[in-house]
Amino acid sequence: MNFEAVIGIEIHVEMKTKSKMFSASPNRFGALPNTLVTPLDMAFPGTMPRLNKQAVINALRVVNALHMEIDHDLYFDRKNYFYADLPKGYQITQDKRPIGKNGYVEIETSHGVKRISIERLHMEEDTCKQLHLASYSLLDYNRAGTPLVEIVSRPEIRNGEEAMKYVAKIREIVIYSLVSDGKMEEGSLRCDVNISLRPAGSDVFGTKVEIKNLNSLSNVQKAIDFEMHRQEKLLLSGQKVEQETRRFDETKKETVLMRKKTDAVDYKYFTEPNLVPVHLSDEFINDAIASCPELADEKLARYTKMGLGKDEALQILDSYDMAMYFDKTLDKGASIKGLWNFLTGDVASYLKKNNLTIKEFNVSPDHLVSLMKIIEKGDVSYPQGRKIFEEMVKNDEDPLMLQEKLGLKQNSNQDEILTLCQTAMKNNPQSIIDYKNGKDRALGFLVGQVMKASKGKANPQMVSKTIKELLDKE
Amino acid sequence: MSYLDKNIVELHNLLVEKKVTPLMLATEAIEKAKKDSNNAFETILEKEALEFAKTLVEPEKDNLFWGIPYVAKDNFSTKDILTTASSNILKDYVPVFDATVIKKLKEAKAVLIGKTTLDELAMGGTGTTGHLGMTYNPYDPEHKYMVGGSSCGSAAAVAGGIVPFALGSDTGDSIRKPASYAGLVGYKPTWGKISRYGLFPFAPSLDHVGFFTRSVLDAAYSLNLLQGKDYNDSTSSFLPNEDNTENINQGIEGMKIAVLKPIINSVHEEVILKAFDKTVEGLREAGATVDYIDFDDDLLNAIYPTYMVISCAEATSNNANLDGIKFGPRIGGENTYQEVMMKARTAGFSELIKRRFVIGSYSLFKDNQKYLFLRAQKARHMIVRKINEVFDTYDAIYLPCVAKVRNPFEGGYSDKLSSTYLVAENHLAIGNFGGLPSISLPIGLDNKFPFDGNLTAKAHEDKKLLRIAYALEKITSLKDLSVEKVVK
């Protein structure tokens, strides 16, 4: 029997706003435990929430990027449940009226472009972080109140690859819009996957399993592929899929049981009475969207229009920091193709060799552009340029100064080159005969001799041109 | 010489004339508080109050609250001062921040004398459910009658002549009802007019900060001090502040006042009806029109159940933070967080509170919301809409506060739903449903027990309401009441 997987994904994105969702406490990752806390974050009696405007702006940007309908009135609800990591005993969220609904994203899979519908996007606040030790647990309230958006897809995803691509797309959007750093390994983008199998062609849903703690894109794919296989085996052997929550075990590369689902918790939702509904004016919404930094899709369109191939552009856009560096350098007047070559070639291999990221790359866009320019102009040869580059990465010195310091001036003096070429030909008469006999290799040999004689400083294009002219005259 | 049965304005004049000092007032208030036999206090701040009063030397002529002793209900967050909400679950809780109103009073250099008892977590109207036991009515040395609640200690402290001003909170009638039993002016302004930041929430959509005073003019001055937009309370009103004392004595010529017939008809105590009729006459003589108008009985009967459902639902959520992990006694629970929470909450809350939490939770369950919580919200909106229609024609609604002047502890009304006095004893919650300004003030005495009438107006018409109340006060001449004066 053929099965079809029905997969829906809930993604929680921590927003990198200055302060928390409803308190003035700083919102930062990695601080000492319980140092970024106000009375509200610990639910001291009498504290009241105050909505973070930037969080709303951020949410609007994502809503727009996901082609969603925007609710012009903000309502918040309380989701009530008791848990050790939930300071107030309720979470402020948007249950009835999410800020965005009915959107979609397009993903490119190995089977072509697919549109995944998105049911809703809502804002809410994060809980405390728990640290479970042998005989006790510790709570870190730094995370309590961190602004979140939750993005809920419709169950239109069919396999691990699509799921991975979907999460990657959402991640790209939140990163490029500067809403989040999207770090899955630090938990600033977390996804929960709901997955069930049904006979292909059926429109009845099977029993749903939830997979939690997927901390990388590849784990999303692996976990789903494993889980589809697991459920298929169960069903084919006549067993039942149990409704349960599982997590992905990275070492075993399989999903393992966390807990059986009992009756769903009744969250007793009701409207948050301490936040009056906020009306979002058209102006506010338009400003939030218009001021959104350029998204990856927009950059892709721009790069391809400027002459880059699609795959070339995607290679840059794969890393937000690379794209930022790319744009900054373009702004300084680099040619797009030359820049692409340089960044994906020399720069990339340098970074790789030294195990660095583009963020740690020392060379300023200004200096990179001037280096590219002196190479293009022929002031230095490409090998000379490379030498300068090797120096530049140390202290970001001006390539023009380095050129001087290293004595790397390309010789483009016509007379001197002519003399050098004539000498080389005189010293290698056999090469002239070879050339006449149709051995093109001889030309290269002669050019090499000139370059050697000039200690690499002669302009190779000019040398090549001159030798050819001289040979043809013989 | 005793000063503290005077009102704020009188005390201010004495302070400015240097006939009395803040230290003398604070000393007297502390002495009286220590002798209090009505269980009005959770905490008496002898050291803090006297130390602060000592620093107040040069009178501030334009600052009415300079050196005035006051008390606050123990559900206002006070920095470094125990704040219990009269509940065992908070019996050792010392807040780290001041409520906005406390901060404003501190800045005005009013002297906080103590924190007063309340019905546990401000839930209840009897003054009997706090963790320190019953609070008594200072008018009744035999301790047979209630002072009412939930702001019982604040009402008792002002009526007992300990202070001229007390902060309270009002979710159903928790200021305005005890004001009646204590013969005081009890006022809760429009929702949002005074910041709730730092008030322990009971039911935020109904909660109001308010206060007890001895005169309407004092109430107007108090509102002047405490009103205003607060950054920390998103629901606080952004409308400009008014001077609520301006034109307060200009009379009510041409104003229109409504009496809701079904409510006045459900009051049967002769002494109340007599006093009420007399004041109606007075209002008419002062140039106002007073009409007795019809009002839908079903809506009035729905007030109490509506109030119970909404307030309990919100309460169960608001108090979910009191879980034994951050607050409340850690009684045990070595194994799971659930055990910690259950043990703390089981020991920390009284039976009445637990009952209300259960009612609230039950009405919020997904399957019940439609029939309970959402239905109550609908009823609330219907009631408010109908009341606001009254305000299309009338400047205020005037009614007695209570159905009975005195309410005995034994066999008196309780927290349970009952048809006795369902409407007459619960109509004040209308003011909370609609966030309407509402003021209670004495209109009569029954054998040395005072009782109040209540005026309620349209939202944000606090200033007009105070003007009408001021006129009514003039008609009754029942101003500056205290036990000492009335008994004499």
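1. A pocket here is an open set of grid points where a 1.4 Å probe fits, with protein on both sides within 12 Å along at least five of seven lines. The model is predicted. Its second largest pocket holds about 1,600 Å³ of space. The lining has 48 residues, and A:Ala168, A:Glu172, A:Tyr176, A:Ala296 and A:Leu317 are the closest to the centre.

2. Several elements of chain A each supply at least two lining residues of this pocket: helix 1 (53-65), strand 6 (100-109), helix 2 (160-176), helix 5 (296-305), helix 6 (310-317) and helix 7 (320-331). Helix 2 gives the most, with 9 residues. By residue class, the lining of the second largest pocket divides into 26 nonpolar, 16 charged and 6 polar.

3. In chain B, B:Ile303 belongs to helix 11 (residues 303-318). B:Ile303 has a relative accessible area of 1% and is therefore buried, the cut-off being under 20%. Beyond its neighbours within four places in sequence, B:Ile303 contacts B:Ile383, B:Asn426, B:His427, B:Ala429, B:Ile430 and B:Phe433. B:Asn426 is 123 residues away along the chain, yet the two C-alpha atoms are separated by 7.0 Å.

4. The largest nonpolar core comprises 164 residues, and B:Ile113, B:Leu167 and B:Leu455 have the most contacts inside it. Helix 11 of chain B gives the most to this core, with 9 residues. Apart from this core lies another, of 98 residues, including A:Ile285, A:Val347, A:Tyr350 and A:Leu402.

5. Leaving aside neighbours within four places in sequence, the contacts of B:Leu455 include B:Ala396, B:Ile397, B:Tyr398, B:Pro437, B:Leu465 and B:Leu472.

How values were computed: Residues numbered from 1 in each chain as written. Chains lettered and ligands numbered in written order. Predicted model: local features only at pLDDT ≥ 70, side-chain atom pairs only at ≥ 80, totals over all residues. Heavy atoms only, no water. 1 Å grid on protein atoms, 1.4 Å probe; cavity = no way out; pocket = protein on both sides within 12 Å on 5 of 7 lines; lining within 4 Å. Points joined across faces, edges and corners; volume = space filled by probe spheres on them. Helix = DSSP H or I, 4+ residues; strand = E, 2+ residues; numbered from the N terminus. Nonpolar A, V, L, I, M, F, W, Y, C, P; charged D, E, K, R; others polar. Buried < 20%, exposed > 50% of the residue type's maximum accessible area, 1.4 Å probe, protein only. Contact = heavy atoms within 4.5 Å. Core = buried A, V, L, I, M, F, W, Y, C linked by side-chain atoms within 4.5 Å.
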